[in-house]
Amino acid sequence: MTPSAPPSPPLRRGRIEQRRLGSLRLAALLAAAIGATAWLGRSTDPAAKPLGEGALLLGAAIAQTGNANLYGQDQRMGLLLGERWGREATRHSPARMVRLQIEDGGSDEPSAIAAFNLLIRQGVIALIGPTLSQQAFAADPIAQRQGVPVVAPSNTAKGIPQIGPFISRVSAQSSVIAPLSIEEALRREPATRRVAVFYAQDDAYSTAEVAIFQKALAARGLTPVTVQRTQLADNDFQTPITAALQQRPQLVVLSVQAVAGGNLIRQLRELGYRGQIVVGNGLNTPNIYPICQRWCDGILIAQAYSPELNTPINTTFRALYRQANGHHPPPQIAAQAFTAYQVLFEAIQRLQAKGGLSAVTLGQARTNLMGELLGGTYTTPLGPIGFTPDGEVVQSRFYVAEVRMQPNGRDGRFALVRERQLQHASGKGATP
Amino acid sequence: MIETLLQTLLNGVAGGGVYALVALGYTLVFSVLGVINFAQGALFSLGGYLTFLLMGGRIGVNGALPGWGLPGGLPFPLALLLAAAASGLVGLLVERLAFTPLRRRGADPMLGLITSLGAGVVLVNLLQILMGAEGYAFPQGADALGGLPAALAIGGARIRTIQLLLLLVSAGAVLALPLWLEHSRQGQALRAVAEDPTTAQLLGINSEAMLRLAFFLSGALAGLGGGLIGVSVSLPGPYFGIGYGLKGLAVLVLGGLGSVPGAIAGGLLMGLAEALVPSEASGWRDALAFAILFAVLLLRPGGLLGRRQLEKV
């Protein structure tokens with residue numbers, strides 16, 4: 001085989017010209033694509049469009065898949081009931097229609113970000129979510145940058161409202177309420193000296209809450225005899241339980257998520273622990289009943305909501321919940337989701353009455369809504385609430401509940417054992 | 001001190017037994033087809049849910065049929081066996097959907113990794129739709145063991161009865177499988193297919209049937225593991241088997257691809273390594289397990305018993 005002869009000079013020039021032309025075409029195509037994208041992006045930014053007279057879209061990004069789904073399912077129920085309450089409350093009065101759009105925010109940060117982005121592109125007036133504090137730190141800045149009001153129904157890790165002026169929450173503050181359950185346990189067993197603590201060291205909620213528990217113990221002169229660290233995905237706790245029980249604890253404090261907590265309680269009891277158990281907000285859901293069953297009985301938990309509260313709004317919420325979900329009393333997480341919807345719905349109606357939603361763009365309406373939301377006070381299933389200027393919930397009524405299981409061990413309830421009125425408590429703490 | 005060590009060892013061996021079950025499932029399929037069935041973790045989840053339903057458990061409020069359950073409930077051993085068999089049948093379905101079409105078209109067997117992963121994802125999502133994502137614990141908890149106490153004292157160590165049962169059943173399955181492979185006619189036929197399918201076919205062995213048998217057994221082992229773990233630590237959600245599937249995969253590599261004794265040894269080593277990590281360092285537990293895997297592969301690239309074990313399944 002012979003090597004091919006080099007091309008003649010005119011042929012080479014022709015090829016160079018062709019390449020140059022090709023490059024020019026490619027550059028023009030790219031420039032056109034970039035220009036088109038920018039134009040499309042500008043023209044489809046819903047914030048710049050005038051707000052119509054139709055129904056306002058309210059977005060919710062909550063966990064429908066993954067581990068946090070246990071909370072997300074309760075939240076979905078609360079939001080749907082909130083929407084139903086809103087429809088019925090305004091049936092006979094002129095009101096601005098609000099349409100709820102729920103998207104799966106998953107249980108991790110990328111899913112929450114994707115859901116927030118999707119809902120913002122769809123032109124929501126405000127957002128509810130995400131489910132986990134860890135997700136909020138990733139997704140909330142996106143809403144903040146685009147000026148979309150966010151009401152968090154369940155994340156109370158320290159610093160969430162401080163992400164920006166568009167971020168707020170209705171979830172209660174563990175730093176204030178978590179010590180109440182410790183207080184109740186020590187009131188029942190004043191001689192308690194030996195306390196074992198379990199927490200998930202790879203979970204932002206758990207690490208924040210356990211610090212609050214430990215501070216509460218220290219304030220009462222108690223230092224844990226053992227602190228057992230677990231992992232979020234753990235379900236077999238025999239090794240840490242074995243180590244903890246060797247210290248003969250009189251009180252066990254758990255700050256873990258629901259499934260892990262249910263397993264921990266069950267395995268603690270099966271391995272012979274008979275003392276009191278105080279649990280954190282991660283176990284604030286009836287979804288633990290099927291896991292720890294009869295062993296759930298007697299655990300103490302501080303709550304921001306009591307289904308036994310007999311205010312008109314809570315009676316309505318309880319009735320709606322029972323209609324939708326059988327005989328079960330509503331859990332805190334559903335009540336908080338309902339409240340998140342309620343405060344936004346009420347703020348929208350007030351703003352509508354003041355004319356703050358007329359002849360404005362969606363972006364301006366969002367800004368107006370945030371101001372209206374933070375300036376209002378609300379009578380909710382959680383009790384009367386308001387907001388600090390930076391979006392922190394102001395709630396004063398808290399509860400300590402004890403889980404009481406039915407004899408068959410399959411079902412139970414959070415029975416109210418103590419109610420506390422705290423002055424101007426605002427959220428600094430941890431939630432699932 | 002001795003009691004703690006004994007307890008830790010029992011915990012480790014019980015956990016390792018389950019890893020070995022999953023790894024054996026992988027091993028069976030790998031031996032006959034040369035690929036890894038990524039749906040194994042989903043079959044593990046399926047086994048847990050089926051055992052739950054067969055024992056009389058009811059679907060939770062977030063499932064497709066809230067409150068639905070089978071009339072009555074089977075005793076745990078029977079429910080576990082039936083669930084394992086049903087998982088085996090679904091394993092056959094996975095083979096039919098994810099592997100057979102590729103094999104018939106002469107496609108690269110490695111493509112089966114993706115199709116089986118897809119089958120696993122579909123299966124887990126179906127479980128989520130049908131059962132919801134809530135956690136389930138078995139209807140009678142420790143009482144499911146026919147009135148046995150919740151925990152037993154062995155040599156001063158206190159171990160949950162369910163954990164002991166888990167240890168015994170997984171040990172039984174793990175020991176029975178090599179014996180069956182070695183001494184039964186079908187086991188020998190399976191080994192022959194694993195060695196050389198063409199020659200086995202010439203000798204009158206139905207290679208396709210043996211392949212299906214491998215998938216059935218593989219699915220059944222995963223289902224057995226899922227049922228045992230479910231009764232021990234509840235079902236935390238449809239995805240719970242995926243973690244065990246991944247750990248089983250690590251055990252498969254640790255023990256040596258395609259080696260039955262390797263899968264058992266790898267499983268036990270992994271379980272013990274995890275159990276021996278103190279709670280203060282629990283964040284390093286998975287890191288330690290995979291560090292062991294890394295170290296073993298550096299020293300023995302074929303896995304613990306991969307090279308010495310000349311005779312595959």
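Colleague: How far apart do the C-alpha centres of domain 1 of chain A and domain 2 of chain A lie?

Modeller: The two centres lie 29 Å apart, where domain 1 covers 56–172 + 309–391 and domain 2 covers 175–303 + 400–426, with bounds taken from an automatic or database domain assignment. This is a predicted model, in which local features need pLDDT of at least 70 and side-chain atom pairs count only at pLDDT 80 or more, while totals for chains, interfaces and linings use all residues. Residues are numbered from 1 along each chain as its sequence is written, and chains are lettered from A in the order in which they are written.

Colleague: How many residues does each domain of chain A give to the contact between them?

Modeller: Two residues are in contact if their C-beta atoms, placed from the backbone, lie within 7 Å; here domain 1 of chain A gives 15 residues and domain 2 of chain A gives 14. On the domain 1 side, helix H2 (69–89) is among the elements that give two or more residues, and H2(A) supplies the largest share, three residues. Helices are DSSP runs of H or I with at least four residues, and strands are runs of E with at least two, numbered from the N terminus.

Colleague: Which elements of chain A give two or more residues to the side that touches chain B?

Modeller: In that interface, 32 residues of chain A are in contact with 30 residues of chain B, and the elements on the chain A side are H2, strand E7 (226–230), helix H7 (238–245), helix H8 (258–270) and helix H9 (289–292).
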